[in-house]
Amino acid sequence: MTREEAARELTIEYQRQREADERALEMRRQEAEARDPRIGELSDGGASLLRQAARILLTRPDEAVEAMKTARLRAEKMQAELKARLAAAGLPENYLEMQYRCPICRDTGFIADPIQRHCECFIKRLNQKMYEGAGLTGRAEQSFEAFDEQFVPDTPVEGTGKTQREIACLARDRCLRYAARYPDTPRPGLMLMGNSGLGKSFLLNCVARRLIERGFSPVKLTAYRLFEAMRGAGFGDEQKAREFDRLMGAEILLIDDLGTEPMVRNITVEYLFSLINERTGGGMHTVIATNLSFEDLKNRYTERISSRLLDKNGFEVVGLAGEDLRLIGRRRS
């Protein structure tokens with residue numbers, strides 16, 4: 001789902017919420033009148049007085065000042081009586097006022113100060129929709145802000161000249177730079193490589209979350225879900241074929257755990273090549289996390305695919321190394 005599509009859905013939700021607000025107010029009004037019929041008369045009367053004064057302002061401007069003053073005084077008295085009767089009926093003073101979920105935009109999703117723009121509540125819920133679409137719900141802790149370098153061992157990793165913490169922080173910084181500069185990145189692709197348990201999926205989710213926060217529409221999925229779309233397209237499933245086409249044209253695509261998908265003849269390699277070739281050829285942005293090594297990529301997907309994934313002009317490779325962080329977490333707990 002694109003951000004525009006999500007915004008349209010949310011706009012409809014806000015319209016329904018306003019309708020629900022109005023129905024709830026009418027139900028409260030009926031309840032209040034059932035307890036005291038005078039309450040209904042008073043709630044209508046104040047607004048009626050102001051409408052009469054407004055008509056006088058248009059038709060008899062010379063009488064408008066006095067009419068408005070008189071109407072305001074009468075309305076204030078009626079409001080005072082209304083509050084007293086509501087209290088006597090065991091109801092709060094604001095019982096006959098609209099109860100909005102967001103008092104700032106009054107459940108419209110927009111505010112004007114001085115130009116019309118989306119309310120913060122709308123943006124927050126829009127981002128939540130995008131998080132859901134990217135599979136980030138329940139992963140609020142997976143963000144760049146939540147990255148805790150102290151959790152990563154500060155021990156040397158053989159053959160790198162760096163500690164595992166230094167490698168992890170460097171990977172974080174490169175991912176953060178990619179997410180911050182998108183779409184003006186030096187290379188359209190980003191490849192996170194390393195053994196299992198080093199934080200590749202975490203960083204992939206961090207990138208997706210930051211892109212959503214910046215107002216973009218990343219499409220994130222696992223390699224297995226990608227395979228399901230490829231297999232469906234290969235076997236003539238129209239819905240899966242449309243999904244695969246959407247992945248081909250996504251403004252930015254994030255694939256997690258490449259290499260864990262099944263290898264099916266005439267499907268996996270052929271459709272993955274089509275996807276990668278189309279996206280790299282079109283300069284589209286793709287982020288991939290994989291446990292596979294350079295040699296594994298060549299052996300599993302053939303030279304046609306690996307050459308595109310490892311092309312330095314198309315993909316920036318970010319490597320992670322060291323001890324499995326999940327095992328460290330278990331030992332600490």
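What is the volume of the largest pocket? In this predicted model, the largest pocket has a volume of about 410 Å³. Its lining is made up of 21 residues, and those that lie nearest the centre are Gly197, Leu198, Gly199, Lys200 and Phe202. Helix H6, helix H11 (residues 325-332) and strand S7 are the elements that each give two or more residues to this lining. H6 gives the most, with four residues. By class, the lining of the largest pocket holds 10 nonpolar, six polar and five charged residues.

Seven of the lining residues of the largest cavity are nonpolar, one is polar and none is charged.

The packing of the interior was examined next. In soluble globular proteins, nonpolar side chains tend to be buried together. In this model, the largest nonpolar core has 38 residues, and Leu192 and Val207 are those with the most contacts inside it. The helices that give two or more residues to this core are H1 (3-35), H4 (120-133), H5 and H6 (200-213), and the strands that do so are S5 (189-193), S7 (252-258) and S8 (285-290). The largest share, seven residues, comes from H6. Apart from this core lies another, of 30 residues, which includes Met191, Phe227, Met230 and Ala250. When its neighbours within four places in sequence are left aside, Val207 is in contact with Phe144, Cys175, Tyr178, Ala179 and Leu254.

Leaving aside neighbours within four places in sequence, the contacts of Thr290 are with Met191, Leu192, Met193, Gly194, Lys200 and Leu258. Among these partners of Thr290 are Leu192, a residue with the most contacts inside the largest nonpolar core, and Met191, which belongs to the core of 30 residues.

The cysteines were then considered. The count of disulfides comes to zero. Cys121 is in no disulfide, because the nearest cysteine sulfur, that of Cys105, is 3.6 Å away, whereas a disulfide requires sulfur atoms within 2.5 Å. Cys121 is buried, with a relative accessible area of 18%, a value under the 20% limit for buried residues. Cys206 is also in no disulfide, and the nearest cysteine sulfur, that of Cys175, is 7.9 Å away. At 1% relative accessibility, Cys206 counts as buried. Cys175 is also one of the residues in contact with Val207.

Several features of the backbone were noted in loops. The peptide bond from Tyr182 to Pro183 is cis, with omega near 5 degrees. Pro183 is placed in the loop between H5 and S5. Asp107 has a phi near 60 degrees, a positive value in a residue other than glycine. This residue is found in the loop between helix H3 (64-88) and strand S1 (110-112). Although Asp107 is in a loop, Asp107 is buried, with a relative accessible area of 2%. A positive phi, near 65 degrees, is also found at Asn266, another residue other than glycine. The place of Asn266 is in the loop between S7 and helix H9 (268-281).

Finally, a separation across the model was computed. Gln30 lies in helix H1 and is partly exposed, with a relative accessible area of 47%. That value lies between the limits of 20% and 50%, so Gln30 is classed neither as buried nor as exposed. The C-alpha atoms of Gln30 and Arg265 are separated by 68 Å, and the two residues are 235 residues apart along the chain.

Notes: Residues are numbered from 1 along each chain as its sequence is written. This is a predicted model: local features need pLDDT of at least 70, side-chain atom pairs count only at pLDDT 80 or more; totals for chains, interfaces and linings use all residues. Side-chain values use heavy atoms; hydrogens and water are left out. Ala, Val, Leu, Ile, Met, Phe, Trp, Tyr, Cys and Pro count as nonpolar, Asp, Glu, Lys and Arg as charged, and the others, Gly among them, as polar. Buried means under 20% relative accessible area, exposed over 50%, partly exposed in between (1.4 Å probe, protein chains only). A nonpolar core is a set of buried Ala, Val, Leu, Ile, Met, Phe, Trp, Tyr and Cys residues joined through side-chain atoms within 4.5 Å. Contact means heavy atoms within 4.5 Å. On a 1 Å grid over the protein atoms alone, a cavity is a set of points where a 1.4 Å probe fits but cannot get out, and a pocket is an open set with protein on both sides within 12 Å along at least five of seven lines; lining residues have an atom within 4 Å of a point. Grid points are joined across faces, edges and corners, and a volume is the space filled by probe spheres set on the points.
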